[in-house]
Amino acid sequence: MAAASSSDSDACGAESNEANSKWLDAHYDPMANIHTFSACLALADLHGDGEYKLVVGDLGPGGQQPCLKVLKGPLVMNESPLPALPAAAATFLMEQHEPRTPALALASGPCVYVYKNLRPYFKFSLPQLPPNPLEQDLWNQAKEMSLPSVPVFLEVSGQFDVEFRLAAACRNGNIYILRRDSKHPKYCIELSAQPVGLIRVHKVLVVGSTQDSLHGFTHKGKKLWTVQMPAAILTMNLLEQHSRGLQAVMAGLANGEVRIYRDKALLNVIHTPDAVTSLCFGRYGREDNTLIMTTRGGGLIIKILKRTAVFVEGGSEVGPPPAQAMKLNVPRKTRLYVDQTLREREAGTAMHRAFQTDLYLLRLRAARAYLQALESSLSPLSATAREPLKLHAVVQGLGPTFKLTLHLQNTSTTRPVLGLLVCFLYNEALYSLPRPFFKVPLLVPGLNYPLETFVESLSNKGISDIIKVLVLREGQSAPLLSAHVNMPGSEGLAAA
C-alpha cells in the first residue's frame, strides 16, 4: 500500500512524527462514513490473488442504514445493504481445492449470511431451518454447557476433539471458564465492574472493564496484574506480528489514544484525531502488518508498521530508565550511626530474642483481651452464629438533652430474629432516660433498624459518664452483645 499524499500527511500531523514513530501514515479520511466496531472487521484474500481486502459490517449513520462494505486500499469496491444491524463478521474456507478463496460469514439480526465471491451464497436463519445431523450432535454437546448469565464476549482456545477452553464474559460482571468435559463453569472470575472487552494473549486472559483498567488473569482465574488507563476503554483487539512472534493487546481509549500492551508493559501509544471505536491488525493489500482504525465520527485511519520497528517495553526508550543513572545524595555516616551498627553486630542475638519475647507477649495480651471481650459480650458484633447481630450507637445534640440512636442489624442472610430486648445501664445521678428497657421488633435480614431514645443530663457541672447498652435475649441473663457509649459533656449547661 502506498504512503499517504502530502495533504493526508498534513491532516495527520498531530497523530505522530514520521521520523520517530513506529508507524507509517498510509491513509486518513475523516469523512469515510464507516460506523462499526471491532467484531465487524475482517481481513481476507477474497479473490485468491494475494491481495487482502477489508470487510466491514457497517451500522450506518445512527444505525439506520446497515450495509456490508468491502474496501481495497482506501476505496470502497463493493457495498451491499443488510436487512438488520450486523453483529460480527468472519472469514473461513469452505473448499479444499485450489484456488482456496475464503467465504465470508456475517451475523445480522437472527440470520447468518454466507458470501462467496462477494455474492450471497447461504442464509442460515436461527432456529427455523433444520440443522444438519452432524451439526445437531455438536450442538447437543455444546448445549450441555450452561452459564448463569448471558455471555457478551467469548474466547476459545484449543481443539474441540482434544482439549479446549471457553472463556465467557457475562452481563453479570463475571467471567466463566469451561472445559470440554464440564457441563458447568470450572472457574469463575468476579470483576468489580462490567467487562468491555476480552482478549486471549498466549495463556493470559486480558479483560477491559468499565473502571478504565486492564486486568490479566490465568485460565484458572488467578489475577496476575492490573493496569489503570487514563480514559475509558472503547474497544480492544489483538495485535499479532508473526515475523517477530509478538502478541499484544490494543486498547482504543476515549481520549483519542490507542495503547498497545504486552502483559502490563506499555509498548506503544498512538494518538488519533478522534476517539477510535474499532481496531483490526493484519495483512491488508500486500502489507503484512497493517493497523486499521475507525473513529467515532465515521473516519478511517490506516497505518503500516515499519519493517525496522521493534516494540520495547516502556515505550521507545531502550536500556535502563534515566533515573537509574542519577547519583543519590547519601549523607555521611555519623559517629552515632557507626557505634549503633557495632552494637547491633555484637548484641544481635540478644536483641532478636528480646524482640521475639515482646512479640509473643503482645500476641498473648491481644488474645486474652479478645477472649474477655467475647465472654463479656463487649464486642459490637455477635460472636455466635445463632444470633448474627451488629450494633452501632450514635449520640447527637449539645445538651442537656441528647438523642441516642442505636443502629441494630441482623446480619443473617435468611433467618429473621425475634424476641430481643435492649437495656441501658447508667448513673442515675447524672442521666435520665424515658425508657431504660424496651423490646426490639422483628429484625428482617439485611436491614438497618434505628432505635431512638433521649438522654437527659442532670448534672450542672458538665460531668460526663459512660452509658452501657446491652442487647438481651428473653429468658437469658448473659447479653448477646454490648456497646459502651461515651457521652459528651453538656455544652448547653456550660453556656448557660
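Buried means under 20% relative accessible area, exposed means over 50%, and partly exposed covers what falls in between (1.4 Å probe, protein chains only). Everything below comes from a predicted model, where local features need pLDDT of at least 70, side-chain atom pairs count only at pLDDT 80 or more, and totals for chains, interfaces and linings use all residues. Residues are numbered from 1 along each chain as its sequence is written, and side-chain values use heavy atoms, with hydrogens and water left out.

**View A. Ser-38 sits in the loop between β1 (23-29) and β2 (41-44).** Strands here are DSSP runs (E, at least two residues), numbered from the N terminus. With 12% relative accessibility, Ser-38 counts as buried. Leaving aside residues up to four places away in sequence, Ser-38 touches Thr-235, Met-236, Asn-237, Thr-277, Ser-278 and Leu-279; contact means heavy atoms within 4.5 Å. Look for Leu-279 in particular: its backbone nitrogen lies 3.0 Å from a polar atom of the Ser-38 side chain.

View B. Rings of Phe, Tyr and Trp (its six-membered ring) pair if their centres lie within 6.5 Å; planes under 30 degrees apart count as stacked, over 60 as edge-to-face and the rest as tilted. The whole structure has four aromatic pairs. Trp-23 and Phe-281 form an edge-to-face one, 6.3 Å centre to centre with 90° between the planes. Trp-23 belongs to strand β1 and Phe-281 to strand β22 (residues 276-284), so the pair ties together parts that are 258 residues apart in sequence. Trp-23 is buried at 1% relative accessibility, and Phe-281 is buried too, at 11%. Ring pairs also bring in Phe-311, linking it with Trp-23 and Phe-281 into a cluster.

**View C. Tyr-121 and Phe-122 form an edge-to-face pair.** Their rings are 4.5 Å apart centre to centre, with 75° between the planes. Tyr-121 is partly exposed, with a relative accessible area of 42%. Lys-116 lies over the face of Tyr-121, at 5.5 Å from the ring centre. A charge sits over a ring if NZ of Lys or CZ of Arg is within 6 Å of the ring centre and within 35 degrees of the ring normal.

**View D. Arg-435 lies over the face of Phe-438.** Here the distance from the ring centre is 4.6 Å.

**View E. Two cysteines, Cys-111 and Cys-423.** Cys-111 is buried at 9% relative accessibility, and Cys-423 is buried at 17%. A search of the whole structure finds zero disulfides, a disulfide being a pair of cysteine sulfur atoms within 2.5 Å.

Methods. Helix = DSSP H or I, 4+ residues; strand = E, 2+ residues; numbered from the N terminus. Polar contact = N/O pair within 3.5 Å; in protein donor to acceptor, adjacent residues only side chain to side chain.
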